[in-house]
Amino acid sequence: MGEYPKTYEVVVIGAGHAGCEAALATARMGLSTLLLTANLDTIAQMSCNPAIGGLAKGQLVREVDALGGEMARCIDRTGIQFRLLNRRKGPAVRSSRAQADRYEYRRYMKRVLEEQENLDLKQAIVERIVAGEGRVCGVETEHGVYFPSKTVIVTTGTFLRGLMHVGLRQQEGGRAGDVCVKGLSASLESLGLRLGRLKTGTPPRLDGGTIDFEGLEPQYGDENPRPFSFTTREITRPQVPCHITYTSERTHEIIRAGLDCSPLYTGVIKGTGPRYCPSIEDKVVRFPEKVRHQIFLEPESMETREIYPNGVPTSLSLDTQIRFLRTIPGLERVEIMRPGYAVEYDFAFPTQLKPTLESKQVTNLFLAGQVNGTSGYEEAAAQGIMAGINAAASLRGEEPLILGRSDAYIGVLIDDLVTHGTNEPYRMFTSRAEYRLLLREDNADLRLFEKGYERGLLSRERYEACARKKRQIAAVLEMLSERRLKPDPPTQARLREIGQAPLKQPVNLKQFLRRPSAGVAHLPLLGIPMEPFDAGVWEEVEIQVKYESYIEREIEEVERLRKFENLAFPEDMRYRDLSGLSREVQEKLEQIRPVNLGQASRISGVTPAAIASLMIHLKKRGSR
């Protein structure tokens with residue numbers, strides 16, 4: 001085995017969305033980093049849908065940006081359609097989504113990685129993680145090259161023993177056109193990690209030149225696109241529409257007739273698939289009462305005619321795919337450029353990780369992304385940046401960064417994984433967050449910029465801009481509390497002009513803005529200037545004013561529960577020796593090894609009585 005003549009502080013395995021964020025984080029924090037990938041031409045590849053964001057996922061992207069990550073800036077520069085989802089609903093559930101030019105996205109991210117100081121990129125397949133005395137020493141590639149390293153971050157996506165299915169035909173690979181990684185699974189198992197098997201799927205890619213868009217419903221983006229990154233001033237790229245069509249009863253008949261060649265329904269596929277993004281054959285079988293299913297025809301790039309039919313992931317045989325697609329309006333003469341397929345892959349059960357995403361079995365071995373059982377580019381990027389930050393903290397002897405469930409969607413994501421685990425591809429939803437009114441898209445920078453700056457991922461200039469925005473919001477809120485509207489004739493006349501009910505008594509501007517029909521846009525009409533503050537400040541002010549009582553209620557709940565989160569367990573706690581706990585509870589606590597009482601309270605089967613008992617034991621040991 002030949003040893004590479006350079007020792008790295010961090011080696012990142014895999015250059016998907018998790019690997020890119022992990023490598024950029026450690027390099028930007030000053031650590032010599034090596035990013036190894038099986039194919040340098042597919043860095044940040046969008047293996048499935050060419051889009052970033054979506055419900056709850058948009059929040060994750062903005063949080064990654066607030067911490068100093070790259071995903072938001074990348075989509076802002078390469079997006080071809082931007083939409084704010086749930087615009088008519090409350091701010092807690094509004095989320096941004098953007099179609100990406102998938103080729104431009106990949107090129108942009110690779111360029112950022114290549115230009116990053118302290119970061120080397122190399123094409124190689126890692127076969128083995130080398131460890132000694134319970135600590136990582138480096139990695140070995142398939143060509144026998146040994147890269148010494150103090151820390152390793154595994155972000156292998158769907159490539160561990162990847163197996164692709166089209167009908168009853170199988171091919172090894174983690175993605176169409178790419179190889180699978182075989183030896184690394186065995187290496188992880190030899191280090192004590194328990195692996196499982198998951199499945200995901202992707203639709204066929206269609207030739208846009210064979211689609212009749214004329215009779216289909218176009219879906220346009222927002223007229224004034226909202227950027228993902230807090231540093232982007234405006235979106236300047238040309239925007240393109242998507243189109244909407246639907247399956248038919250004839251489509252469903254063909255799919256049902258083709259199930260005898262479905263690897264999903266003939267038992268060939270063993271891995272568990274995503275519940276919330278089922279294949280089209282799954283939809284047809286599980287929801288027989290539905291006469292049609294919606295399909296979004298999404299452009300993959302400005303450089304190609306390929307269309308992504310969002311809504312029909314499938315692993316049916318190619319001839320069945322062609323036949324059912326041609327029963328869909330607009331697709332009567334469609335040609336498939338790439339078939340849809342399913343892919344099975346290994347993942348590590350995430351309860352084997354600490355909240356830092358470090359393995360409990362091997363020191364300085366971190367895992368992030370789909371290897372932890374998640375689905376989605378955004379979930380991967382969120383884990384990647386956190387694994388990078390905590391890998392750097394471990395090497396520096398600093399405190400780790402652990403975001404709580406009231407701090408960020410990232411905190412919810414990681415806590416769900418390491419506390420509850422998953423047996424199916426995990427996807428983030430707003431419903432998973434208890435404090436989603438506190439964890440809005442619009443305030444991600446205010447919540448996290450200080451943490452990003454403390455870790456060295458945000459510039460001084462960006463830190464000062466966020467701090468200034470925070471001060472401005474406070475100043476505007478104070479002004480709104482002090483300025484009053486009186487029910488004098490001029491004021492009443494202006495209120496009538498803007499369609500507002502007259503005043504019955506003097507009110508301050510905060511009270512006025514709490515009216516359902518009132519907004520900050522009305523203030524200039526009442527003689528209240530909005531300068532010199534920008535739109536982001538006023539958006540935040542309006543939300544805080546209108547939802548003040550609800551926000552205060554959530555803050556009070558967070559403070560009430562904080563005492564549980566602050567009661568930390570000693571690392572050497574022996575749960576099997578604690579009295580007052582059932583054997584089942586003892587075993588679960590030994591398996592998860594929670595870092596504090598709050599995490600213990602969220603473990604399935606750990607009862608309130610067990611929590612009370614644990615609190616007594618902690619107090620005996622002097623925890624406060």
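The following legends describe close-up views of a predicted model.

In this predicted model, local features need pLDDT of at least 70 and side-chain atom pairs count only at pLDDT 80 or more, while totals for chains, interfaces and linings use all residues. Residues are numbered from 1 along each chain as its sequence is written, and side-chain values use heavy atoms, with hydrogens and water left out.

**Figure 1. An open sheet of six strands.** The strands follow the order E15-E16-E17-E18-E14-E19, with antiparallel pairing. Strand E15 (217–219) and strand E19 (336–338) stand at the edges; each has a single partner strand, so one side of each is left without a neighbour in the sheet. From one strand to the next, the twist averages 40 degrees. Strands (E, at least two residues) and helices (H or I, at least four residues) are DSSP runs numbered from the N terminus, and two strands pair if DSSP finds at least two bridges between them.

**Figure 2. The pairing of strands E16 and E17.** Strand E16 (residues 242–246) and strand E17 (residues 294–299) run antiparallel and are joined by four bridges. Tyr-246 stands opposite Gln-294 in E17. Strands of a sheet pair through backbone hydrogen bonds, either parallel or antiparallel.

**Figure 3. An open sheet of four strands.** The order is E12-E11-E20-E13, and the pairing is antiparallel. Strand E12 (169–172) and strand E13 (195–202) are the edge strands, each pairing on one side only. The twist averages 25 degrees from one strand to the next. Within this sheet, three bridges link strand E11 (residues 163–166) to strand E20 (residues 341–348) in the antiparallel sense. His-165 stands opposite Ala-342 in E20.

Figure 4. The structure holds one cavity of 30 Å³ or more, and about 30 Å³ of space lies in the largest cavity. A cavity is a set of points on a 1 Å grid over the protein atoms alone where a 1.4 Å probe fits but cannot get out, and lining residues have an atom within 4 Å of a point. The volume is the space filled by probe spheres set on the points, which are joined across faces, edges and corners.

**Figure 5. The surroundings of Glu-424.** Glu-424 lies in the loop between helix H10 (409–420) and helix H11 (444–454). Its relative accessibility is 17%, so Glu-424 counts as buried (buried means under 20% relative accessible area, exposed over 50%, partly exposed in between, with a 1.4 Å probe and protein chains only). Leaving aside residues up to four places away in sequence, Glu-424 touches Leu-198, Thr-272, Gly-273, Arg-275, Tyr-276 and Gly-373, where contact means heavy atoms within 4.5 Å.

**Figure 6. Backbone geometry at Arg-161, Asn-364 and Pro-532.** Most residues other than glycine have a negative phi, and most peptide bonds are trans. Arg-161, although not a glycine, has a positive phi of about 50 degrees. Arg-161 is placed in the loop between strand E10 (145–154) and E11 and, at 32% relative accessibility, counts as partly exposed. Asn-364, also not a glycine, has a positive phi of about 65 degrees. Asn-364 belongs to the loop between E20 and strand E21 (365–367) and is buried, with a relative accessible area of 3%. A cis peptide bond, with omega of about 5 degrees, joins Glu-531 and Pro-532. Pro-532 is found in the loop between helix H14 (509–513) and helix H15 (535–546).

How values were computed
Axes fitted to C-alpha atoms, helices over the stretch in contact; angles between N-to-C directions. 1 Å grid on protein atoms, 1.4 Å probe; cavity = no way out; pocket = protein on both sides within 12 Å on 5 of 7 lines; lining within 4 Å.
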